Amino acid sequence: MDGREAALQQIAALARTHGLSAVDIEQAIGRPSAGTREGRGHSVLVRALGFLGGTFVFAGIAVFIAIQWDSMNSAGRVVATLGSGLASLALGLLATRDPRFDKAATPLLLVATVLEPTGFLVAFDEFGTGGDWHWASLITSGVMAAQFGLIFGALRRSTPLFVAMAFVVLFTGTVLDQLDVDGNVIALVLGASMLLAAIGIGRTEHRDITPPWYLFGAFACLAGLFDIVKRSPGEVLFLGAAAGFVYLSVVVHSRTLLVASTLGILAYTGWFTGEHFADSIGWPLALIAFGIFMIGLSALAFRIDRDYVRRAAG
């Protein structure tokens with residue numbers, strides 16, 4: 001008999017002696033001690049105060065820069081923005097090397113995500129000679145995408161991956177706009193790219209960052225497609241794409257994609273009824289039919305989420 005079985009027999013003997021049930025034992029095991037509860041509350045308080053303190057420090061620096069902005073020369077403005085961003089980046093990378101400061105790494109990297117591009121744009125504005133704004137956007141987004149791509153390759157953390165994806169999307173959109181590609185086509189391409197990237201990331205341990213990309217990707221893709229096929233026989237393609245996204249949400253187990261595709265179908269239905277039934281006797285009936293359709297579609301979306309998305313994810 002090993003130690004585990006002996007311990008279980010002792011617990012069973014004590015339970016029979018004192019008339020304890022399995023529920024009593026389960027509650028006693030799952031119930032945190034007073035010291036644990038006190039320690040947990042202290043930890044939450046310390047963390048909340050730390051976040052508030054960091055927020056006030058960052059806000060104070062921002063207000064100080066804003067107040068002194070007009071009195072700064074060009075170099076000072078670049079140092080105040082780009083320099084602060086590089087300092088935040090360096091501190092964030094150092095924080096990842098020490099477990100004691102690991103939780104500070106993500107906020108510092110996010111601060112660098114805001115300040116560094118601002119510093120690049122300030123440098124272009126202060127020292128540039130004018131010209132096409134696309135080049136400033138391309139250089140800024142390209143450098144930021146490469147920088148956080150390298151950081152992700154070294155750290156394998158979700159935050160650098162999310163930031164790198166955001167700047168890749170910005171870089172791609174700027175390139176397409178500079179090539180005079182139609183705005184609807186740009187939205188369609190970027191939306192489809194974000195969806196494909198989210199599907200790929202969803203198969204890795206970084207799947208927690210996929211909901212925003214599913215949301216923005218679906219909205220951009222559906223909006224671009226709608227403007228392309230609007231008031232043409234191709235409108236059925238929009239409904240087909242939205243229905244396809246509903247099916248895709250089940251395959252990839254994404255509740256966000258399900259919500260986005262359902263909202264797309266509802267938005268198209270509302271636009272269609274207003275376009276073809278407004279100022280006619282059938283408009284009230286169309287509103288009633290649209291309301292019933294919304295209720296039915298919401299119930300269907302709930303059942304899909306309950307029976308397929310949640311169950312498959314679980």
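This note reviews the predicted model in numbered points, from overall fold to local features.

1. Basis of the model. The structure is a predicted model, in which local features need pLDDT of at least 70 and side-chain atom pairs count only at pLDDT 80 or more, while totals for chains, interfaces and linings use all residues. Residues are numbered from 1 along each chain as its sequence is written, and side-chain values use heavy atoms, with hydrogens and water left out.

2. Overall architecture. The chain contains 12 helices and zero strands; helices (H or I, at least four residues) and strands (E, at least two) are DSSP runs numbered from the N terminus. Read along the sequence, the pattern is α-α-α-α-α-α-α-α-α-α-α-α. Of the 314 residues, 31% count as buried. Here buried means under 20% relative accessible area, exposed over 50%, and partly exposed in between (1.4 Å probe, protein chains only).

3. Salt bridges. A search of the whole structure finds four salt bridges, each defined as a side-chain nitrogen of Lys or Arg within 4 Å of a carboxyl oxygen of Asp or Glu. Side chains of opposite charge can pair when their charged atoms come close. Glu 126 pairs with Arg 77, with the closest N and O atoms 2.8 Å apart. Because Glu 126 lies in helix H5 and Arg 77 in helix H4 (residues 74–95), this pair ties together parts that are 49 residues apart in sequence. Glu 126 is partly exposed at a relative accessible area of 22%, whereas Arg 77 is buried at 15%.

4. Further charged pairs. Another of the salt bridges joins Asp 98 to Arg 100, the closest N and O atoms again being 2.8 Å apart. Arg 100 is exposed, with 67% relative accessibility. In the pair formed by Lys 230 and Asp 227, the closest N and O atoms are 4.0 Å apart. Lys 230 is partly exposed at 30% relative accessibility, and Asp 227 is partly exposed at 37%.

5. Nonpolar surface patch. Leu 121, Phe 124, Ile 139 and Val 143 make a nonpolar surface patch of about 310 Å². The elements giving two or more residues to this patch are helix H5 (105–127) and helix H6 (133–155). Patches are made of residues with over 30% relative accessible area and no salt bridge, like charges being joined within 9 Å and nonpolar side chains (Val, Leu, Ile, Met, Phe, Trp, Tyr) within 5 Å. The areas come from the Shrake-Rupley method with a 1.4 Å probe; for residues, only the protein chains shown count as cover. Phe 124 is found in helix H5 and is partly exposed, with a relative accessible area of 33%.

6. Second largest pocket. This pocket has a volume of about 250 Å³ and is lined by 13 residues, of which Gly 202, Thr 210, Tyr 214, Val 252 and His 253 lie nearest its centre. Two or more lining residues come from each of helix H9 (210–229), helix H10 (235–252) and helix H11 (255–277). H9 gives the largest share, three residues. The lining divides into five nonpolar, five polar and three charged residues; Ala, Val, Leu, Ile, Met, Phe, Trp, Tyr, Cys and Pro count as nonpolar, Asp, Glu, Lys and Arg as charged, and the others, Gly among them, as polar. On a 1 Å grid over the protein atoms alone, a pocket is an open set of points where a 1.4 Å probe fits, with protein on both sides within 12 Å along at least five of seven lines; lining residues have an atom within 4 Å of a point. Grid points are joined across faces, edges and corners, and the volume is the space filled by probe spheres set on them.

7. Backbone angles. Most residues other than glycine have a negative phi. Arg 156, although not a glycine, has a positive phi of about 55°. Arg 156 is found in the loop between H6 and helix H7 (158–178) and is exposed at 52% relative accessibility. Asp 180 likewise is not a glycine and has a positive phi of about 60°. Asp 180 is found in the loop between H7 and helix H8 (183–201) and is exposed at 69%.

8. C-alpha separations. Ala 80 lies in helix H4 and is buried at 13% relative accessibility. The C-alpha atoms of Ala 80 and Ile 65 are separated by 7.1 Å, the two residues being 15 residues apart along the chain. Asp 177, found in helix H7, is partly exposed at 33%.
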